[in-house]
Amino acid sequence: MRWKIALAYIILTGLTLFWILPYYVAVATSFKTLKEVTEAKYLEPPTTLCIDAYIKALREEGRGLLNSLIVSLPATFLSVLIGSLGGYFLARFRFRGAQLIFFLVAVATFIPYQILLVPLVQVMGALGLMNTYAGLIVTYTVLFAPWAALISSAFFMAIPKELEEAAMLDGAGPLRTFFMIVLPVAAPGIVSTTIIVFTSVWNDFLFALTLSMSPEIRPVQPTLAALKGSFVAEWNTQMAGAVLASLPPLVIFLLLGRYFIKGLLAGALKT
Amino acid sequence: MRWWGMVEVEVRNLVKRFGKVVAVNHVSFKVRSGEFFFLLGPSGSGKTTVLRCIAGLEDPDEGDILIDGVRVNDVHPSQRDIAMVFQNYALYPHMTVYDNLAFPLKMRGLPKSEIEKRVRELAELLRIEELLDRKPGQLSGGQQQRVALGRALVRRPKVFLMDEPLSNLDAKLRVYMRAELKRMQKDLGITTIYVTHDQVEAMTMADRIALLNKGVLQQVGTPSEVYHRPANTFVAGFIGSPAMNFFDASVVEEQGKVLLDTGNFRLELPSDIAELVLKSGESEVILGVRPEHIKVYMEKQPDAVPARVFVVEPLGFETIIDFKVDDKVYKARYPKEVYIEPGTTIYIKFDMENIHIFRKSDGKAIV
């Protein structure tokens with residue numbers, strides 16, 4: 001048994017190093033001077049802690065970070081709110097055609113979302129929502145609410161029906177039952193869903209680029225892409241920008257991560 | 001501590017179908033105010049479905065549910081003022097015991113001080129005061145059960161429903177809780193409907209029992225009535241442990257006497273029973289005899305039927321003797337501890353005052 005555990009740790013350590021390597025390179029590079037970067041010694045740590053790259057990245061990308069927060073937070077909130085209500089419905093109410101709806105929602109989420117680009121842009125144009133925060137928020141909500149529904153429905157299915165029936169007999173109506181009993185019990189699942197949706201919205205590039213024409217609206221990912229410089233490849237600035245852009249999802253993950261793990265394991269073990 | 005007024009529950013012609021399966025088939029009964037009423041039957045008998053219809057968790061396909069004479073079919077469960085204890089307790093896992101108990105009161109918008117007062121009062125009654133800050137996951141099965149009871153009682157509902165509340169407890173605790181629940185029900189005087197498949201629970205706790213089989217109501221009566229005067233072979237076989245013995249028999253009239261002939265032995269019927277059997281006009285019947293109404297003798301007796309011992313089940317204070325007549329196994333209660341070698345011949349006599357006779361065609365009781 002011992003050696004099996006040891007082997008597992010060796011493999012896990014190896015994988016961790018492998019996965020952490022790109023991030024390490026990004027962080028290391030971001031603290032290097034432009035001169036040091038051009039020496040192409042990627043794996044070596046920086047000789048000085050130079051924060052020039054961060055200052056420059058923040059100057060050019062700051063607005064993008066703010067825009068992304070303005071878009072991601074409400075989009076995530078709306079996606080999870082609408083999605084979890086839908087997911088609850090899918091999980092609980094068995095009616096004629098429920099299977100079909102579930103299937104259609106699943107299909108909708110599995111379609112490569114690039115396909116939706118042209119129609120969505122046209123719809124947003126027609127609604128006058130091009131180059132607005134609202135346009136981005138609505139788009140992401142439309143894209144990710146079905147995801148949230150699908151993911152959260154799995155967690156709702158694991159909740160014993162008697163809990164809701166008990167709440168009903170205790171005098172709670174459907175909405176109170178959902179918000180006071182079901183949602184808190186499903187909290188690990190909701191948190192997992194929130195993390196997944198937030199990360200997806202935050203990291204999206206395609207829609208962020210297409211639906212925003214001006215820097216006042218443009219989220220961080222397209223801004224980051226524009227950071228590479230016109231004449232010189234300023235790798236340290238780019239990496240500083242990338243590190244900055246990766247911080248919000250990281251913070252969310254660190255804050256809510258223990259729920260995420262719980263959520264991933266929910267239903268796997270008999271309690 | 002009597003909180004409750006008079007509340008009657010009536011089920012009229014209740015029908016509930018699930019797809020093509022008729023789970024409850026034209027069931028009617030009336031629960032009296034303050035009564036401890038049991039719905040008893042094997043699994044799949046529809047007893048839980050009846051309970052859920054009363055609670056409003058299922059919509060009846062036909063028939064009416066009346067609480068205090070008012071039809072409540074279209075009243076939402078949250079408005080029926082009914083409380084229910086679920087088999088798996090259904091405690092809210094994210095709330096403390098206090099919050100679990102307070103939840104139904106909060107839903108009714110009671111002031112905080114009143115909630116606090118009632119929760120403390122009930123916690124004392126159920127002896128769970130020291131658990132109020134814990135979460136359900138930190139409680140033992142017995143404690144969870146008390147909290148579930150408490151949550152149902154705290155808002156002083158009109159009617160109290162219990163769905164196999166003791167089935168998740170270990171045997172010792174179950175026996176203890178039987179007496180505890182019975183006592184509490186009587187003290188509070190609340191109309192209570194209790195679902196169980198355990199006939200011992202029903203016999204020991206109920207004021208009256210409704211027996212269900214395959215969605216059909218078989219009999220409603222006091223424990224004594226369903227035990228001593230079962231309406232049919234199903235009730236006769238379901239109530240009592242070990243179960244009643246059944247023998248197929250023909251009715252024979254000989255020299256002015258009425259006899260039951262099982263093929264292996266003949267029994268002369270006492271005149272009052274004989275009269276009822278003749279009046280029924282049945283020629284083929286089922287003879288039912290409870291194990292406690294069979295006397296076992298080790299030596300030959302006049303009019304005793306010889307049988308072979310199949311196995312003995314000693315219980316300390318008494319012994320269940322399984323014997324064979326005509327390759328079928330029957331059971332008798334012997335009031336002492338005894339060991340008899342399997343294969344030994346014994347002699348049995350029936351206590352004729354306590355035999356039951358049923359129609360063979362539909363199992364309905366004649367005597």
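In the predicted model described here, B:His228 lies in helix α7 of chain B, a helix that covers residues 223-228. With a relative accessibility of 45%, B:His228 counts as partly exposed, because the partly exposed class lies between the 20% limit for buried residues and the 50% limit for exposed ones. Between B:His228 and B:Leu139 there are 89 residues of separation in sequence, and their C-alpha atoms stand 42 Å apart in space.

B:His228 is also one of the residues touched by B:His356, a histidine that is found in strand β20 of chain B, which runs over residues 356-359. B:His356 counts as buried because its relative accessibility is 6%, a value under the 20% limit. When residues up to four places away in sequence are not counted, B:His356 touches B:Tyr227, B:His228, B:Pro230, B:Met244, B:Ile286, B:Leu287, B:Gly288 and B:Val367.

Chain B as a whole has nine helices and 20 strands, and its C-alpha trace spans about 80 × 45 × 35 Å along the principal axes. The chain consists of 367 residues, of which 53% count as buried. Where contacts in chain B join residues at least 6 apart in sequence, 67% of them are between residues at least 24 apart.

Two of the helices of chain B, α4 (residues 141-153) and α5 (residues 171-188), have axes that come within 12 Å and cross at roughly 15°. The angle is under 35 degrees, so α4(B) is described as roughly parallel to α5(B), and the crossing of this pair is right-handed. On the side of α4(B), the residues that meet the partner helix are B:Gly142, B:Gln145, B:Arg146, B:Leu149 and B:Leu153, while α5(B) brings B:Leu173, B:Tyr176, B:Met177, B:Glu180, B:Leu181, B:Met184 and B:Leu188. Sorted by class, the residues in the contact of α4(B) with α5(B) are eight nonpolar, two polar and two charged.

Chain A, by comparison, has a secondary structure of twelve helices and zero strands. Its C-alpha atoms fill a box of roughly 70 × 65 × 30 Å when this is taken along the principal axes, and 41% of its 271 residues count as buried. Of the contacts in chain A with a separation of 6 or more, 74% are accounted for by residues 24 or more positions apart.

Helix α6 (residues 133-157) and helix α9 (residues 187-203) of chain A pack at an angle of about 155°, and their axes are 9 Å apart. Because this angle is over 145 degrees, α6(A) is roughly antiparallel to α9(A), and the crossing of the two is right-handed. The contact is made by A:Tyr140, A:Phe144, A:Trp147, A:Ala148, A:Ile151, A:Ser152, A:Phe155 and A:Phe156 from α6(A), together with A:Gly189, A:Ile190, A:Ser192, A:Thr193, A:Ile196, A:Val197, A:Ser200 and A:Val201 from α9(A). By class, eleven nonpolar and five polar residues take part in the contact of α6(A) with α9(A), and no charged residues do.

Cysteines were considered last. A disulfide is a covalent bond between the sulfur atoms of two cysteines, and over all chains the structure holds zero disulfides. A:Cys50 counts as buried because its relative accessibility is 11%, and B:Cys53, at 0% relative accessibility, likewise counts as buried.

Notes
Residues numbered from 1 in each chain as written. Chains lettered and ligands numbered in written order. Predicted model: local features only at pLDDT ≥ 70, side-chain atom pairs only at ≥ 80, totals over all residues. Heavy atoms only, no water. Disulfide = S-S within 2.5 Å. Buried < 20%, exposed > 50% of the residue type's maximum accessible area, 1.4 Å probe, protein only. Axes fitted to C-alpha atoms, helices over the stretch in contact; angles between N-to-C directions. Helix = DSSP H or I, 4+ residues; strand = E, 2+ residues; numbered from the N terminus. Parallel < 35°, antiparallel > 145°, perpendicular 65-115°, else oblique. Left-handed = near helix turned anticlockwise from the far one by under 90°. Contact = heavy atoms within 4.5 Å. Nonpolar A, V, L, I, M, F, W, Y, C, P; charged D, E, K, R; others polar.
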